[in-house]
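Hi,

Here is the structure I promised to pass on to you. Have a look around first, then read my notes below.

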Amino acid sequence: MFKSLKDKLKGWFGKAEPVEEVVVKKPVSKPKPVVKKEVKVEKPVKKEKVKKSKEVIDSERKTTEKVVKDMDNEGISIEGPEGRYDKSLTPIVEEIVVEEEVKKEKKGFFKSIGEKFTHTRFSEDYFLELFNVLELILLENNVALSVVDSIRMSLHDSLVGNDFKKSEIPSALRKALRDAIDSLLLTPDFDIISKIKSHPKGKPFVVLFLGINGSGKCVHKDSNIQLSNGDILKIGGLYEHCSKSFKEQIVNDGKIINISSSNLLVPSFNRRTGRIEHKRATHLWKLKKKELLEIKLNCGNDYSIKVTPEHPFFVLKNGKITKVRGDELNETDIIATPRKISIKGSSINFLDKMKKLNFDAFLTSDEMKKSFLNNRRTLKDLCQHLKFKRNYCQFTTNMKNGQIPLELLEDQPHIIKVKSHRGVKPITIPTYLNCEWAEFLGYIVGDGHIEESYIEISNEDPEIIERLKVLSHSLFGFFPTIRRDERTNNLHRIIFSSATIVDILGMFKLKPGKKGKSLMIPKEILLSNDDVIKSFIRAYFDCGSHASKNVRQIELTSESNEIIKQMSMLLKRFQILSTISEKFVGNVPYWRLSIRARYAEAYAEKIGYLIKKKRERAGEYHKIGLTQGSGKQDMIILGNELKKLRENLGFSLQEIQRNAVNGYEIYEKKGVISRMLLGRLLKFYELKRRGLFHDFLLAINEGSVNRFKQNVTNGVCTTLRNRGFIAEDGHILKDGVLYLNQINNSAALSREMINNLKIANSSEISWAPIKEISIVENDTDFVYDLTVEDNHSFIADGFIVHNTTSLAKFAHLLKKNNLSSVLAAGDTFRAASMEQLSIHADKLGVKMIKQSYGSDPAAVAFDAVQYAKSHNIPVVLIDTAGRMHTKDNLMKELEKIVRVSKPDFKFFVGESITGNDATLQAEAFNNSVGIDGIILTKADVDPKGGTALSVGKVTNRPIFFLGMGQDYDSLVKLDKNKLLDDLGL
């Protein structure tokens, strides 16, 4: 916690050791070479400029040149009122003259301020320069805007107008900042344990825990779950598989399995960074639930997921990634779906699987000797213990000729000669899944038909026919039989007459008979590395997909819904998005996977086609994309945020259209922009900082309008007059002054908006509008859940889905202080909440009071208090359902719990990693029912710490504990003196 803030402040202060003075000269446009001779300071100009060290200037120059290079590569030009800026884009740089013997060291911003301080009085200008830098540091570390303003006022009162010696400046700044932060970190003036112990006997001390503690995120049994090893499993199947290896624990409404020792990893979304990370799954849940929500997205008519109503989703609201429950979504929301899933995969060896089949291997004499050199068993003993029995005489004869049962092979060769018991001739075959094997499987899945003793692939493309001949000889050591199909002139039947190959394909779940609805991508393909997967996809798409001409669109159709869903998720490993829709041919349902716009370009570039006609069509997609947009799936819906940000920065539409995004006015009007164009826009904003409207209004105030070109002046004046900002004679009007003030005062908000948009834009997720939300009956008895460490989210059916230990930690703390307690399971809404609390109660050896799900939580609280009174238990800890602070009905329910239980203390429990969300939640709960203290969880994984600075200030309530881990002993008191010392204050 506070790691990022510590690092920023340390860089701001710089080293404490004295640094020799830097002699500065009159500001010029570019820095000159370092010289040894000292130069005297010339007469200062009216407006003081920032004096920077050579190291800082070099760093700024490198950063600026990189941004300019990026923008040049994307065709962005930066123009000011006097034409194109110089390539260096260096903002008023001072000439630096350093004596040869001065050490190269980073002085920090505080030190620089101290060196340039020439007056005895700390001026307003100095303060503004100081706080502009500090403000950005605080906002980047999740400090709320209102709290930033409070720090500004505190520093202003401590510094501005006061007299300081030059040497006193750094220490004065440190002290002022320490005092400001010290006033924010409210800590209790009493010990909660001592308060409980001093409570009158005969009446239990009642503690209420409230906040947004968590939500059930159960999904339908058939939801496809992406695992980090590349496998895609139905969550119901995953549960049944794990239940064979791990003990099930019976809970009230179902079962739970602790799988933390399995090291099962799943891709998980980190909202703070916008990245998909791999996190460990610790528990699997199987719970009873009848009513579900089906959420359909506008990504084809079959892109949907079934979840419990309390299931949270990540949505984009006001340019910021936010968590919203399923039953609180509406059809104007846009939901996060993964656009990139990075999975390394592995090299798959299937020799061990082959050994479980009735196969014989054919070895040379040298291979025989090597294989049985250390084998001490007799041939008779070997024959008697074979899984697949052999006649002893035939067995010994075969052994002499180098033919042995494959199960006896101890070596792990890469290529082996084998024959199944049904086969006629042996074949050579690789024992690991290479690109050629994957390609062959792709053709089988796409156009293949499997019989008991042969495989047949029907195809009319000469490229594939020739390729299959090459693959057959390379993989199996023989050429297939090719026959022309009598029904057409071009269709050919490529026949592989080998029962051995048929048996091997069975290992990949490819068996004789019609493929149809049951067809799936072989698990071994899903687990493989990207090169192997590309070979499979390319072959499958060569057989079954259509590449449109003159339109960027690729379509793949199958009777199997499963293989289409798997393929959609598999393509995301290559950052290729697709849509899924259902169509009917006659009365038979088929599923269509569509890759459109720039993702069709990505498919052509990253995977491609073997068939010439399809390859040429897909090869034209890049040229089409030069004149067309990015496509719906690459668009980000921002509503009024685009206009709000532009106006807060003082830019005109024409300025952005000319320098950054062509046709920007249309995107702003619709409130939708592509990821690529939003990236250009944000780079432009970061580089230019303030727009032409701001610069022109400021120039009017300063009387320097003549620095603008005449054509710029004419255009800007017309627009500003039309908006009522300037008069006909050119002087600024009241509304113009207000607008100028608005731009200046919204600097912090604008930077926060830009930062939020950067996260949303560069994230590894895509945004899809909701098409329909409906209540459906669960067609199975149970729903399933997966508990994931840290991020508490996983990927189900292509959706990112999201997951009360503070009460249990507090009960443990009481027990350590010889205080017994009773737990009240007041969360009667969330699936598995009672069972989770029951597990903690059993571990801690404390009593838990509960009722059925859906019962009145106030009644549960009342029963717990009565039980404590009758059993002389000194403390009652009441758990409540996590509730959104914006829902009036849920907050009224909480008010009823307070009236009935009459708590002596109310803890707000918030997650520190949620930043300003936790601050807003705490403020709302405090206004509704009043809170007495705060517990901030996940402080150990929060590098910023701004929530701790903010939440106490906005509620005027102290932080009692920080959650610093998962263990019961991880609830620790906040030591603010140590914190301030660590921050270098």
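Let's start with one side chain: Arg-467 is partly exposed, at a relative accessible area of 25%. Keep in mind throughout that this is a predicted model.

So which side chain does Arg-467 meet in a salt bridge? The partner is Glu-439, with 2.9 Å from N to O. Glu-439 has 11% relative accessibility and counts as buried, because the cut-off for buried is under 20%. What I like about this pair is where the two ends sit. Arg-467 belongs to helix H14 (residues 462–476), while Glu-439 belongs to helix H13 (residues 435–447). The two are 28 residues apart, and the pair links distant parts of the chain.

How many salt bridges does the structure hold? The count is 29. Here are a few more to click on:

- Asp-904 and Lys-203 meet through their side chains at 3.7 Å, N to O. Asp-904 is partly exposed at 26%, and Lys-203 is partly exposed too, at 43% relative accessibility.
- Glu-277 and Lys-279 form a salt bridge at 4.0 Å, N to O. Glu-277, at 22%, counts as partly exposed, whereas Lys-279, at 19%, counts as buried.
- Arg-646, Glu-647, Glu-668 and Arg-723 are joined in a network of salt bridges.

Now for a sheet. Four strands make up an open sheet, in the order E25-E26-E28-E27, with antiparallel pairing.

Take a look at E27 and its partner, strand E28 (residues 588–596): they pair in the antiparallel sense over 7 bridges. You can find Val-585 standing opposite Val-588 in E28.

Finally, there is a helix to go with the sheet. Helix H18 (residues 561–571) lies across strand E26 (553–558), E27 and E28. Compared with E28, the helix runs at about 10 degrees.

Cheers

Technical notes:
Residues numbered from 1 in each chain as written. Predicted model: local features only at pLDDT ≥ 70, side-chain atom pairs only at ≥ 80, totals over all residues. Heavy atoms only, no water. Pairing = 2+ DSSP bridges. Contact = heavy atoms within 4.5 Å. Axes fitted to C-alpha atoms, helices over the stretch in contact; angles between N-to-C directions. Buried < 20%, exposed > 50% of the residue type's maximum accessible area, 1.4 Å probe, protein only.
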